[in-house]
Amino acid sequence: MTKEVLISVTGMHMMDGDSSDVELVTTGKYYVKNGIRYILYDESIDGLEQPVKNVVKVRDDSMEVIRRGGFQVHMTFKRGMTLMASYATPFGEMSVGITTESIQVAEEEDSLHVHAEYLLDMNGQQISRCRIALEVRSRAMASQ
């Protein structure tokens with residue numbers, strides 16, 4: 001895959017029977033180092049002056065999402081494990097547990113697909129069921 005990529009991130013959160021979806025399509029950088037796939041991109045968020053810088057690290061069995069800027073968080077998704085993440089926002093900090101139910105990584109010559117399903121909990125209580133899909137494609141292939 002080329003270094004210049006098109007990135008699509010879609011997410012779904014279900015809480016108390018209500019569902020909210022998010023979608024982001026942007027450009028970014030992709031590279032592999034020591035067997036770890038790195039995806040780098042910036043994200044503009046309403047109400048924040050500076051963009052949030054995102055680093056996604058993908059291994060065959062896990063994914064890490066690191067966000068820096070107006071929001072700061074380091075989330076790790078590893079199947080069958082509950083891992084804690086601390087969200088730092090302009091409004092304060094909160095800790096959440098992330099229980100990854102499934103994670104699938106598929107790589108082709110010019111694309112990478114990562115799908116994860118997970119539960120979020122706060123203070124030991126489940127607050128939502130979530131799904132995230134990350135699609136990365138070479139920019140040259142995306143324009144065809």
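Salt bridges between strands

At a relative accessible area of 43%, R131 is partly exposed, a class that lies between buried (under 20% relative accessible area) and exposed (over 50%), computed with a 1.4 Å probe on protein chains only. The model is a predicted one, in which local features need pLDDT of at least 70 and side-chain atom pairs count only at pLDDT 80 or more, while totals for chains, interfaces and linings use all residues. Residues are numbered from 1 along each chain as its sequence is written, and side-chain values use heavy atoms, with hydrogens and water left out.

R131 pairs with E117 in a salt bridge, with 3.8 Å from N to O. The two residues link distant parts of the chain, E117 sitting in strand β9 (residues 111–122) and R131 in strand β10, 14 residues apart. Strands here are DSSP runs (E, at least two residues), numbered from the N terminus. A salt bridge is counted when a side-chain nitrogen of Lys or Arg lies within 4 Å of a carboxyl oxygen of Asp or Glu. By this rule there are 10 salt bridges. E117 is partly exposed, at 35% relative accessibility.

The closest N and O atoms of R129 and E101 are 2.6 Å apart. R129 has a relative accessible area of 36% and is partly exposed; E101, at 35%, also counts as partly exposed.

Another salt bridge joins the side chains of E4 and K29, at 2.5 Å from N to O. E4 belongs to strand β1 (residues 4–15) and K29 to strand β2 (residues 18–33), so the pair ties together parts that are 25 residues apart in sequence. Both ends are partly exposed: E4 has a relative accessible area of 33%, and K29 reaches 31%. E4 and K29 are linked with R139 in a network of salt bridges.

A polar atom of the S138 side chain lies 3.1 Å from the backbone nitrogen of T2. With a relative accessible area of 1%, S138 is buried.

Technical notes: Helices (H or I, at least four residues) and strands (E, at least two) are DSSP runs, numbered from the N terminus. A polar contact is a pair of N or O atoms within 3.5 Å; within protein, one must be able to donate a hydrogen and the other to accept it, and residues adjacent in sequence count only if both atoms are side-chain atoms.
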